[in-house]
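Hi there,

Here is the structure I promised to pass on to you. Have a look at it first, and then read my notes below.

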Amino acid sequence: MTPTRAPRTEDIAAISRAYDRVALVLQGGGALGAYQIGVFQALSEAGVEPNWISGVSIGAINSAIIAGNTPISRLKNLEAFWNTVSGRKIWSYTPQGDHFRDLRNQTSSLFTLLMGQPGFFQPRRTSPWLQFPGSDGATSYYDSAALKATLESLIDFDLLNDGRKRLSVGAVNVRTGNFVYFDTQKQRIGPEHIMASGALPPALPAVKIEGEYYWDGGIVSNTPLQYLLDQEEHLSSLVFQVDLFSARGVLPRQMSDVLTRHKEIVYSSRTRQNTDTFARIYKLKTQLVDALKRIPPELLLPGERELIAQAEKPAIVNIVQLIYQHKNYEGHARDYEFSGTSMREHWDSGYEDTLRTLRHPEWLRRSSLTKGVTLHDLHREDPT
């Protein structure tokens with residue numbers, strides 16, 4: 001059997017441009033976010049240019065750096081951010097073997113708890129338990145002021161808001177408990193919106209925006225896919241969804257496994273649920289349009305005519321999912337283990353997984369018109 005030819009870069013770029021929107025959707029996951037940079041690097045080298053970037057938590061930070069920089073400076077400033085927050089040296093040398101890597105990771109995550117991370121967050125001098133209720137330091141263990149300075153040094157917020165790319169980041173209103181999206185199509189986004197999306201309690205403080213306080217969007221929904229599917233449903237979309245926690249896993253055998261598996265389930269995306277819901281709604285809408293077409297045109301209401309017109313261009317959604325697969329020596333603290341060695345491992349994993357995905361011709365095919373949405377999870381099966 002003749003092997004299928006891997007798509008060429010020019011093929012990938014041309015196919016991606018055929019869609020109304022190309023979206024990059026980035027999940028939250030702390031230190032694991034370096035995986036997303038490897039994905040972005042591989043997509044950029046293949047000529048894929050997202051026009052909508054959406055993220056939650058660390059995904060919001062990565063998204064903002066991409067949207068707030070020119071093409072020539074995006075990867076450079078992403079690397080600058082990750083070199084800053086992962087710049088602390090713990091071990092000068094790590095011997096080979098999972099035991100030593102596990103020990104290194106445990107040491108690194110302990111330093112994060114005790115000292116915070118450069119350019120990101122720092123521990124408060126006084127425990128929140130010892131502060132007066134309502135004071136600035138009474139509701140979080142760390143101060144995230146350093147992150148604001150880091151974002152302002154790496155992001156051109158005028159460029160981010162100029163409309164060339166759409167950026168949306170998810171957060172939770174602390175008072176109402178409602179999930180909200182800050183979206184450049186609806187408002188001007190500043191560093192405070194990005195910080196709000198990553199303000200995970202009780203570690204980081206809520207961020208005040210126009211009189212309301214916001215926490216990390218990941219405590220309600222860690223993946224912004226549903227928001228994208230709900231917007232302008234008639235547009236064809238190619239979506240690269242980058243997840244940092246896998247919904248699937250093995251049965252825990254010890255307490256550390258329980259902590260790891262619990263975190264994976266809580267923060268994993270519900271992609272299959274979202275796509276099934278979208279496909280079901282799409283099918284019902286198609287049936288409704290078919291029924292409306294049997295009504296004489298003069299009896300149709302304006303909204304019904306608009307619905308029929310939109311149906312002439314079917315919504316086609318191709319979702320290419322990339323999911324970080326954690327290593328055996330990574331424990332439950334891997335999302336706050338910021339060592340430079342782990343950062344580079346995550347980056348390389350994202351890059352390699354994306355190259356494997358792009359070798360599959362399957363994702364280049366537009367989805368079935370009867371279904372409307374197709375989900376591809378390809379990087380764990382290399383066709384070559």
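At 29% relative accessibility, Glu 79 counts as partly exposed (buried means under 20% relative accessible area, exposed over 50%, and partly exposed in between, with a 1.4 Å probe and protein chains only). Before I go on, please keep in mind that this is a predicted model, in which local features need pLDDT of at least 70 and side-chain atom pairs count only at pLDDT 80 or more, while totals for chains, interfaces and linings use all residues. Residues are numbered from 1 along each chain as its sequence is written, and side-chain values use heavy atoms, with hydrogens and water left out.

Now back to the salt bridges. Which residue does Glu 79 form a salt bridge with? The partner is Arg 344, and the closest N and O atoms are 2.6 Å apart (a salt bridge is a side-chain nitrogen of Lys or Arg within 4 Å of a carboxyl oxygen of Asp or Glu). This pair links distant parts of the chain, as Glu 79 is in helix H4 and Arg 344 in helix H13, 265 residues apart. Helices (H or I, at least four residues) and strands (E, at least two) are DSSP runs, numbered from the N terminus. Arg 344 is partly exposed too, at 31% relative accessibility.

By this rule the count comes to twelve salt bridges. Another of them joins Glu 49 to Arg 74, with 2.9 Å between the closest N and O atoms. Glu 49 sits in the loop between H2 and strand E2 (52-56), and Arg 74 in helix H4 (residues 71-85), so this pair also links distant parts of the chain, 25 residues apart. Together with Lys 165, Glu 49 and Arg 74 are linked in a network of salt bridges.

A further salt bridge runs between Glu 212 and Arg 175, whose closest N and O atoms are 2.8 Å apart. Glu 212 belongs to strand E8 (residues 212-216) and Arg 175 to the loop between strand E5 (166-173) and strand E6 (179-183), so the pair ties together parts that are 37 residues apart in sequence. Arg 175 is exposed, with a relative accessible area of 63%.

Next, a pair of helices. The axes of helix H2 (residues 34-45) and helix H13 (residues 340-358) come within 6 Å and cross at roughly 40°. Axes here are lines fitted to C-alpha atoms, for helices over the stretch in contact, and angles run from 0 to 180 degrees between N-to-C directions.

Finally, take a look at Ser 268, which lies in the loop between helix H10 (255-267) and helix H11 (271-293). Ser 268 is buried, with a relative accessible area of 6%. Leaving out residues up to four places away in sequence, Ser 268 touches Gln 27, Phe 245, Ser 246 and Ala 247 (contact means heavy atoms within 4.5 Å). The C-alpha atoms of Ser 268 and Ser 221 are separated by 8.9 Å, and these residues are 47 apart along the chain.

Happy exploring!
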